[in-house]
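Colleague: I would like to learn to read this model feature by feature. Shall we start with the backbone?

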Amino acid sequence: MKVFKYEVSTDFTLKLPEGYEVLSVMDQNNTPQMWIKVDDKAEADREVRFVAYGTVHDIDEDLSLKFIGTFNTTHGMFVFHLFEVLED
């Protein structure tokens, strides 16, 4: 197992192995990042979608979402909330 860092945007997909665990999301050097614990020996064969919404922005109610965390951008000027999109 290892912890890897991934850059966060408003709507993105990562290929991850089964059993991954999202640990944290935060701004690092003015770039949003997410840290995920993964089995680095397992095949990354699962596509996992993530979406981020700014405070007071509309959230797509058609998606089944799991909250991951809240983070600041632009030196604390904007606040976003990151969700994993769950499979139906």
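Colleague: Where is N30 placed?

Modeller: A strand here is a DSSP run of E with at least two residues, a helix a run of H or I with at least four, both numbered from the N terminus. N30 sits in the loop between strand 3 and strand 4 (31-38). Keep in mind that residues are numbered from 1 along each chain as its sequence is written. This is also a predicted model, where local features need pLDDT of at least 70, side-chain atom pairs count only at pLDDT 80 or more, and totals for chains, interfaces and linings use all residues, while side-chain values use heavy atoms, without hydrogens or water.

Colleague: What is the phi of N30?

Modeller: As a general idea, most residues other than glycine have a negative phi. N30 has a positive phi of about 65°, although it is not a glycine. V56 is another case: its phi is near 70°, again positive in a residue other than glycine. V56 is placed in the loop between strand 5 and strand 6.

Colleague: Now contacts. Which residues does T73 touch, leaving out those up to four places away in sequence?

Modeller: Contact means heavy atoms within 4.5 Å. T73 touches D27, N30, P32, F78 and F80 under that rule. That brings us back to the loop residue N30. T73 itself belongs to strand 6. T73 counts as buried because its relative accessibility is 10%.

Colleague: F78 is on that list. Where does F78 lie, and what does it touch?

Modeller: F78 lies in strand 7. Leaving out residues up to four places away in sequence, F78 touches F71, N72 and T73. With a relative accessible area of 43%, F78 is partly exposed. F78 and V38 are 40 residues apart along the chain, and their C-alpha atoms are separated by 29 Å.

Colleague: Next, charges. How many salt bridges does the structure hold?

Modeller: A salt bridge is a side-chain nitrogen of Lys or Arg within 4 Å of a carboxyl oxygen of Asp or Glu. The structure holds 5 salt bridges. In one of them, the side chains of R49 and D11 meet at 2.8 Å, N to O. This pair links distant parts of the chain: R49 in strand 5 and D11 in strand 2 (residues 11-16), 38 residues apart. R49 is partly exposed, at 32%. D11 is partly exposed too, at 43%.

Colleague: Which side chain does R46 meet at 4.0 Å, N to O?

Modeller: That is E18, in a salt bridge. R46 lies in strand 5 and E18 in the loop between strand 2 and strand 3 (21-28), so the pair ties together parts 28 residues apart in sequence. R46 is partly exposed, with 23%, whereas E18 is exposed, with 53%.

Colleague: What distance separates E87 and R46 in their salt bridge?

Modeller: The value is 3.7 Å, N to O. E87 lies in the segment after strand 7 (78-85) and R46 in strand 5, so this pair ties together parts 41 residues apart in sequence. E87 is exposed, with 58% relative accessibility. Shared partners join E18, R46 and E87 into one network of salt bridges.

Colleague: Last feature. Which residues form the negative surface patch?

Modeller: Patch residues have over 30% relative accessible area and no salt bridge; like charges are joined within 9 Å, nonpolar side chains within 5 Å. Here D58, D60, E61 and D62 form the negative patch. D60 is placed in the loop between strand 5 (46-54) and strand 6 (65-73). That is also where V56 is placed.

Colleague: Why does D60 count as partly exposed?

Modeller: Because its relative accessibility is 34%. D60 and D58 are also among the contacts of Y53.

How values were computed:
Accessible areas come from the Shrake-Rupley method with a 1.4 Å probe; for residues, only the protein chains shown count as cover. Lys and Arg count as positive and Asp and Glu as negative; His and the chain ends are not counted. The place of a charge is taken as NZ of Lys, CZ of Arg, CG of Asp or CD of Glu. Buried means under 20% relative accessible area, exposed over 50%, partly exposed in between (1.4 Å probe, protein chains only).
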